[in-house]
Amino acid sequence: MTTLSPPMHDHRQRCETATASHLCLDVRCLISRFLGSIFPIPGIHQQQQFRRKPASMDRQISFSRDIGHAAAETYLITRLTFTLLRYLGVGYRWYTRLVALACYALLLMPGFIQVAYCYFFSSQVRRSIIYGDQPRNRLDLYLPTNINGPKPVVVFVTGGAWIIGYKAWGSLLGLQLAERDVIVACIDYRNFPQGTISDMVKDVSQGVSFVCNLIGRYGGDPNRIYLMGQSAGAHISACVLLEQAIKESRGESITWSVSQIKAYFGLSGGYNLFNLVDHFHNRGLYRSIFLSIMEGVESFEQFSPEVRIKDPRNREAASLLPPIKLFHGTSDLSIPSDASINLVEALKGAGAEAEVILYEGKSHTDLFLQDPLRGGKDDLFDHVVAVIHAGDEEALAKDASAPPRKRLVPEILLRLARHISPF
């Protein structure tokens with residue numbers, strides 16, 4: 001077992017000192033060099049100017065700006081992450097997992113290329129809409145081609161071990177749900193070491209607020225919003241939802257309401273930090289890093305939804321929560337399925353409506369990547385769509401007659417990727 005020496009507070013101070021100057025400098029450079037790549041929601045005058053430009057020119061400019069913005073962020077996060085890992089003395093397991101991740105991505109590249117093409121060139125994707133004042137306060141919108149009437153909305157929070165998350169990771173889900181007349185908002189947020197867990201929760205809550213208040217401008221129905229997260233994103237979004245419910249139960253000032261969220265979908269998430277710290281340490285996310293991300297053991301209770309919902313003082317907040325559905329694979333090695341089972345039991349004990357759906361033999365990435373890339377029928381996707389379209393007979397009929405989804409990656413590559421996946 002690894003221990004922190006000196007104490008956690010001093011350790012965090014040294015971490016912050018080691019990275020603060022790099023972070024501040026890089027963020028300033030990012031803002032100044034790529035200010036042109038940051039485009040807010042256009043006003044009427046901006047829209048008129050935008051329409052005067054040829055469509056091909058708009059796509060080229062947008063593509064160039066997005067590539068530059070993504071490249072700058074990737075460089076910044078990668079460099080700071082490796083600097084921090086060296087400072088903390090991270091061993092071979094992290095680097096072997098990075099190599100495995102590269103091989104995993106290479107095997108799935110045929111599918112990633114097809115999805116990336118749609119992401120950058122589809123007219124139905126609105127990229128990098130600003131929702132806050134931090135460099136990574138951006139979100140992507142995936143819009144259906146059918147614009148008749150307001151559409152249901154899924155707010156999706158990507159995973160990435162709180163370190164490598166990026167909004168484009170949700171593009172496959174966004175594109176596939178848009179085909180079923182669902183608007184998807186993929187929220188980006190500060191990763192470690194740009195921010196710690198409280199920053200991530202703050203960013204995602206601000207993104208949800210943006211969607212709840214402004215999605216009507218894009219054809220979304222503000223009364224049919226669904227919150228969804230995967231892996232670390234499931235943890236962060238669960239923290240956001242519970243924190244919002246607690247604020248409302250205490251009568252605090254809010255910018256969005258839990259009542260606007262019709263259901264919560266948690267995919268392969270972890271919801272009790274006390275149970276995860278040792279597990280992650282053995283998996284290569286070492287205790288020193290995990291404690292830095294989560295702001296020390298003293299913050300574990302605040303950012304553990306399973307623990308927090310058991311507090312009798314939060315009983316009223318539990319009654320405000322929407323229906324909660326958690327999905328998990330029984331062969332998930334990154335986050336055991338017990339994490340979802342235990343949260344559902346805690347929610348039910350507090351009087352909330354909750355359900356866990358387990359997928360036998362599925363790994364951490366099967367449900368979110370391999371299965372969607374495989375095409376054809378996908379039980380998890382069909383379940384989510386059925387919940388969203390419940391009560392809409394026309395939408396349900398369209399779902400029933402929808403053609404099978406296209407296979408994007410050959411089966412042999414999917415099986416090899418599953419075998420070497422670091423997750």
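**Ground rules**

I note that this is a predicted model, in which local features need pLDDT of at least 70 and side-chain atom pairs count only at pLDDT 80 or more, while totals for chains, interfaces and linings use all residues. Residues are numbered from 1 along each chain as its sequence is written, and side-chain values use heavy atoms, with hydrogens and water left out.

**Whole chain**

I find 17 helices and 8 strands in the chain, taken as DSSP runs numbered from the N terminus (helices: H or I, at least four residues; strands: E, at least two). Of the 423 residues in the chain, 54% are buried. Among contacts with a separation of 6 or more, 78% come from residues 24 or more positions apart, a contact being heavy atoms within 4.5 Å. The chain exposes about 18900 Å², of which carbon and sulfur atoms supply 58%; accessible areas come from the Shrake-Rupley method with a 1.4 Å probe, and for residues only the protein chains shown count as cover.

**Helix H13**

I checked the length of H13 (residues 338-349) first: its 12 residues should span 16 Å at 1.5 Å a residue, and the end C-alpha atoms are 16 Å apart, which agrees. The expected span is 1.5 Å times one less than the number of residues. Ala339, Ser340, Leu343, Val344, Ala346 and Leu347 are buried in H13. They cover an arc of only 160° around the axis, which puts them on the same side of H13; the arc is that of the directions from the helix axis to the C-beta atoms. An α-helix has 3.6 residues a turn, so residues three or four places apart point the same way. On the other side of H13 I find Glu345, Lys348 and Gly349 exposed, while the buried residues pack against helix H11 (305-309), strand S7 (324-329) and strand S8 (354-359). Just after H13, Gly351 takes a positive phi of about 95°.

Is H14 enclosed by the rest of the structure or exposed, and why? Of the 9 residues of H14 (residues 366-374), 8 are buried, so the helix is largely enclosed by the rest of the structure. Just after H14, Gly375 has a positive phi of about 80°.

I then turned to Arg405 and Asp378, which form a salt bridge with the closest N and O atoms 3.1 Å apart. Arg405 lies in the loop between helix H16 (393-400) and helix H17 (411-420), and Asp378 in the loop between H14 and helix H15 (379-388), so the pair ties together parts that are 27 residues apart in sequence. Both count as buried, Arg405 at 12% and Asp378 at 6%. Salt bridges that share partners join Lys362, Asp371, Arg374, Arg407, Glu411 and Arg415 into one network. The structure holds 21 salt bridges.

**Backbone entries**

I noted a cis peptide bond between Phe192 and Pro193, with omega about 10°; Pro193 is in the loop between S4 and helix H7 (197-214). Trp162 has a positive phi of about 65° although it is not a glycine, and I place it in the loop between strand S3 (151-157) and helix H6 (171-178), buried at 3% relative accessibility. Ser268, also other than glycine, has a positive phi near 55°; Ser268 is found in the loop between strand S6 (261-267) and helix H9 (273-283) and is buried, with a relative accessible area of 1%.

Note on methods:
Buried means under 20% relative accessible area, exposed over 50%, partly exposed in between (1.4 Å probe, protein chains only). A salt bridge is a side-chain nitrogen of Lys or Arg within 4 Å of a carboxyl oxygen of Asp or Glu.
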